[in-house]
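Please look at the structure shown here, and let us ask what lies behind some of the words used to describe it.

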Amino acid sequence: MTDLTKLKIAEARDALRKGDVTSAELTEACLSAIDKADALNAFVHKTPEIAREQAAAADARIKAGDAPALCGIPLGIKDLFCTKGVASQAASAILDGFKPEYESTVTSQLFDAGAVMLGKLNMDEFAMGSSNETSTYGNVINPWRRGNDDAALTPGGSSGGSASAVAADLCLGATGTDTGGSIRQPAAFTGITGIKPTYGRCSRWGIVAFASSLDQAGPMAKDVRDAAIMLQAMCGHDPKDSTSADLPVPDFEAMLTGDIKGKTIGIPREYHMDGMPAEIDALWAEGRKMLQDAGAKLVDISLPHTKYALPAYYVIAPAEASSNLARYDGVRYGHRAKLSHGDGITEMYEKTRAEGFGEEVKRRVMIGTYVLSAGFYDAYYNRARKVRTLIKKDFEDVFAQGVDAILTPATPSAAFGLGEMTEADPVQMYLNDVFTVTVNLAGLPGIAVPTGVDKQGLPLGLQLIGRPWEEGDLLNCAYALEQAAGFVAKPAKWW
Amino acid sequence: MLDLTYEAPKPKVIAGAKHDWELVIGMEIHAQVASQAKLFSGASTKFGAEPNSNVSFVDAAMPGMLPVINEYCIEQAVRTGLGLKAQINLTSAFDRKNYFYPDLPQGYQISQLYHPLVGEGEVIVDMEPGVARLVRIERIHVEQDAGKSIHDMDPNMSFVDLNRTGVALMEIVSRPDIRGPEEAAAYVVKMRQILRYLGTCDGNMQNGNLRADVNVSICLPGQYEKYMETQDFGHLGTRCEIKNMNSMRFIQQAIDYEAKRQIAIVEAGGNVDQETRLYDPDKGETRSMRSKEEAHDYRYFPCPDLLPLEIEQGWVDDIAASLPELPDEKKARFVKIFGLSEYDASVLTAEVVNAAYFEEVVTAAGDGKLSANWVINELFGRLKKDDCDIADSPVSPTQLAGIIKLIKSDAISGKIAKDLFEIVYSEGGDPEQIVEDRGMKQVTDTGAIETAVDEIIAANPAQVEKAQQNPKLAGWFVGQVMKATGGKANPKAVNELVAAKLGL
């Protein structure tokens with residue numbers, strides 16, 4: 001085999017089982033690719049020693065005939081996941097030097113399934129951002145470029161490091177988290193597949209919290225099958241997370257038949273946004289046709305409260321974040337500011353948090369504090385909660401009418417240039433999440449699948465939204481779309 | 001059924017310079033739930049452990065840690081609610097109360113503002129026999145305790161002990177139905193008694209196991225009645241909250257001071273500010289805790305890490321069925337069944353272990369009043385002298401019942417019984433056997449007594465003459481006979497014989 005890093009998880013799994021390749025070889029290939037890809041700034045903590053140790057253990061398991069699905073597969077882990085003994089900073093300076101004494105449930109399930117950790121992946125600070133420009137480690141660079149223009153593009157955010165690493169074949173798959181689109185938008189910007197499962201599918205235990213009622217972990221992978229394999233290992237009930245669902249996890253990969261004959265796909269009219277690029281509209285139309293050609297029935301549906309989703313999201317998420325981030329106070333771990341003589345506890349808090357948090361995090365903490373404050377709570381937070389209930393009901397209504405999945409664009413544009421939005425109104429950046437936040441507010445599963453490229457050769461993705469707990473059907477629908485789209489483009493290697 | 005009747009006490013009236021004033025008091029009692037583990041983590045709740053040794057990752061608010069409700073703590077709070085005859089809400093929810101402090105690692109306390117676990121209930125606060133105040137309970141919610149900040153260990157640094165962080169508390173909120181400092185203290189006493197009966201809180205006030213916030217306001221006579229009629233707080237004065245009281249004595253002193261402070265302000269034409277105050281027992285005064293500018297905005301919102309708490313009626317019914325007999329019922333039963341005075345019944349039911357001891361005694365000895373006298377006066381008195389609890393009593397209920405039975409059967413006199421009690425207390429043994437072995441039995445044999453009386457009369461002719469002239473002096477002969485018989489003669493029989501022989 002010429003380039004092991006180009007393997008997909010399913011291919012690598014089969015090759016490992018056949019003995020065509022060892023996990024040690026796969027892992028070395030990835031480690032070497034990672035070392036050559038510092039220009040992408042995807043990996044922020046490399047863990048070659050752990051990787052080699054896990055690879056050796058995986059090879060032994062494979063040899064013994066005891067090889068779970070992910071056995072020996074090298075993965076990257078988003079920095080938001082706490083990994084025992086390994087720096088886990090949520091890409092924030094406030095967690096400077098923090099190495100947890102515990103392993104998140106999701107990563108520990110992945111390791112139990114034999115996965116190999118190559119290192120920790122860059123991201124927006126505390127998962128707050130849509131361009132991976134808020135990380136304390138600096139921007140992640142998208143391996144894709146516009147035609148012959150070598151301007152650096154964003155991989156999207158907040159799981160930008162995960163997206164960039166998978167798209168550049170630095171790892172076979174990566175974990176992501178998605179609070180308002182943080183898996184799906186970067187997946188779409190980098191031509192890979194990412195699924196956010198139903199809220200409660202993956203345990204949140206050990207994942208640094210951004211907005212607890214919206215956060216979900218999910219896989220970012222090279223195709224739908226790989227996403228199904230990874231998701232299988234990542235989800236399941238965890239008594240340590242009270243919001244985790246005690247439901248059986250079906251065999252997602254076995255459900256990938258590609259047969260969607262007779263399925264009803266809803267096309268929400270409210271997702272036609274004014275000023276949306278023609279290319280996105282065309283991509284969406286092509287997607288509709290692909291699903292129709294595969295035997296699905298298309299129906300126009302209405303999700304009437306869609307336009308209120310983004311404002312509701314940008315009230316609820318910062319409100320929860322303002323509370324979740326209160327623990328970063330310099331008292332017990334992470335950064336503590338140097339104090340001047342006479343400084344008290346208030347100065348310690350103020351200086352520590354001023355130094356430790358970046359601008360976007362501060363903005364959201366302030367917004368969240370404001371919307372929860374006395375006199376504003378009902379007007380903002382409570383109203384946003386009501387909107388959230390209405391949005392959820394919009395989806396329930398169309399599912400009750402027999403809709404199996406909903407097809408929408410994943411993003412309003414292709415990847416944009418790094419720095420292009422930094423001078424703009426932050427709301428412009430927030431608009432990136434316009435197609436994805438409704439899914440988080442409603443707690444539904446959503447998947448982004450690459451289906452085409454724009455005229456500059458950048459990947460574009462579509463989103464499918466599924467019924468709650470029916471990730472298997474959703475993945476199969478995405479699989480059919482993937483088969484029809486036949487997206488095979490790869491970024492030209494420049495790094 | 002067994003309820004005792006009572007009337008309400010008179011509200012405390014304080015004379016101001018211009019008017020008489022009445023007090024209106026509401027209380028929030030923070031009671032630590034008796035449980036092995038904390039409310040949202042598996043860490044131990046044991047008191048007195050090495051600092052920061054009972055701390056889990058959740059308690060220390062490490063990144064990514066999540067709370068999981070301890071079912072037993074909820075059961076204890078439900079049990080408490082049932083003990084206060086309160087509404088149990090089958091759906092309740094947890095909220096976050098946000099503020100920064102080093103002993104609050106999460107930066108928020110998980111509490112229940114909007115949907116508490118327990119709703120309206122009531123408690124009868126006994127003041128004296130036949131007089132009690134019915135105080136309405138507004139709600140009980142479950143919440144996490146904070147840790148402890150230590151500021152006096154080092155001149156430049158503060159220290160934090162997180163052992164208490166996350167321990168479950170019940171906040172029991174009363175309506176403003178308490179009308180004086182004594183009632184306030186009695187309310188805490190009664191609440192503590194009920195919690196200890198239920199086994200839901202140890203009620204150890206020194207350890208901070210039970211603390212009270214006291215809301216005090218003043219009003220003119222008649223205004224409170226208008227409030228009760230309408231439930232409109234407009235009829236009452238502005239209240240101040242005195243935080244964190246953990247002594248009955250200080251509660252009374254603080255309320256007294258606070259009432260007088262408010263009266264002085266209002267009579268001088270001023271307005272009382274609604275604020276939180278602290279009581280300084282050294283100076284005997286309350287002080288404002290923080291200015292308005294520093295007032296906290298707690299930004300309460302539903303805790304997104306916890307789903308609404310749903311409990312089933314069947315589970316509540318099971319807890320209700322397992323409830324022990326509570327102080328009011330026990331007291332009433334003691335009065336009705338054992339014929340005790342309400343006072344004695346109150347003393348005996350103050351602690352459930354005392355009541356249980358008494359019941360064992362009375363069941364074996366069969367005389368309520370006599371058993372009550374012996375338990376309260378002799379046993380409690382003796383234990384108090386040795387600074388002992390009933391649990392450490394060297395005299396078992398069976399032994400005490402044995403002594404009482406000997407008195408009842410006239411086998412020993414009351415005086416000998418006290419000697420016998422002291423022997424049993426310090427040496428142990430079966431009372432009946434001791435009386436037998438040591439010849440302590442009362443002499444009721446009139447023949448033996450007669451001989452003694454005859455001997456003494458014969459030996460003291462001068463005294464006989466005096467006594468015959470002044471019958472009051474017959475007592476001297478009784479005393480001599482008792483002395484001669486070693487106190488064992490039946491005093492009644494001696495009296496009769498002496499009188500007969502002297503021809504009185």
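**Terms and the values behind them**

Q: Where does Ser158(A) lie?
A: Ser158(A) is in the loop between strand 3 (116–121) and helix 5 (160–167) of chain A, where helices (H or I, at least four residues) and strands (E, at least two) are DSSP runs numbered from the N terminus. A cis peptide bond, with omega of about 10°, joins Gly157(A) and Ser158(A).

Q: What kind of model is this, and what do its values rest on?
A: This is a predicted model, in which local features need pLDDT of at least 70 and side-chain atom pairs count only at pLDDT 80 or more, while totals for chains, interfaces and linings use all residues. Residues are numbered from 1 along each chain as its sequence is written, chains are lettered from A and ligands numbered from 1 in the order in which they are written, and side-chain values use heavy atoms, with hydrogens and water left out.

Q: Which residues does UniProt place under the feature "active site", and why can they be said to gather at one spot?
A: The UniProt record, an unreviewed entry, places this feature at Lys78(A), Ser158(A) and Ser182(A). They span 105 residues in sequence, yet no two of their C-alpha atoms are more than 11.3 Å apart, so they gather at one spot. UniProt positions are given in the numbering used here, feature names are shortened, and annotations may be inferred rather than shown by experiment.

Q: Why is Lys78(A) called buried?
A: Buried means under 20% relative accessible area, exposed means over 50%, and partly exposed is in between (1.4 Å probe, protein chains only). Lys78(A) has 0% relative accessibility, and therefore counts as buried. Lys78(A) lies in strand 2 (residues 74–78) of chain A.

Q: Which residues is Lys78(A) in contact with, leaving aside its neighbours within four places in sequence?
A: Contact means heavy atoms within 4.5 Å, and the residues that Lys78(A) contacts on these terms include Lys120(A), Met123(A), Ser158(A), Thr175(A) and Ser182(A).

Q: Is Ser182(A) buried or exposed?
A: Its relative accessible area is 7%, and therefore Ser182(A) is buried. Ser182(A) sits in the loop between strand 4 (173–178) and helix 6 (184–190) of chain A. Not counting residues up to four places away in sequence, Ser182(A) touches several residues, among them Lys78(A), Gly157(A) and Ser158(A).

Q: What makes Trp469(A) partly exposed?
A: Trp469(A) has a relative accessible area of 32%, which means that it is partly exposed. Trp469(A) is in the loop between strand 11 (459–466) and helix 15 of chain A, and has a positive phi of about 70° although it is not a glycine.

Q: Why is Asn52(B) called partly exposed?
A: The relative accessible area of Asn52(B) is 38%, so Asn52(B) is partly exposed. Asn52(B) is not a glycine, although its phi is positive, at about 60°, and its place is in the loop between strand 2 (20–32) and helix 1 (71–83) of chain B.

Q: Why is Arg204(A) called buried, and what does it touch?
A: With a relative accessible area of 4%, Arg204(A) is therefore buried. Arg204(A) lies in the loop between strand 5 (193–196) and strand 6 (216–221) of chain A. Not counting residues up to four places away in sequence, the residues that Arg204(A) touches include Tyr199(A) and Asp241(A) of chain A as well as Gly64(B) and Asp305(B) of chain B.

Q: Which strands form the open sheet of three strands in chain B, and what makes two of them edge strands?
A: The order is 5-4-15 in chain B, and the pairing is antiparallel. The edge strands are strand 5 (108–111) and strand 15 (301–302) of chain B, each of which pairs on one side only.

Q: How do you know that strand 4 and strand 15 of chain B pair?
A: Two strands pair if DSSP finds at least two bridges between them, and two bridges join strand 4 (residues 95–98) of chain B to strand 15 of chain B, the two running antiparallel. Within strand 15 of chain B, Pro302(B) is the bridge partner of Asp95(B).
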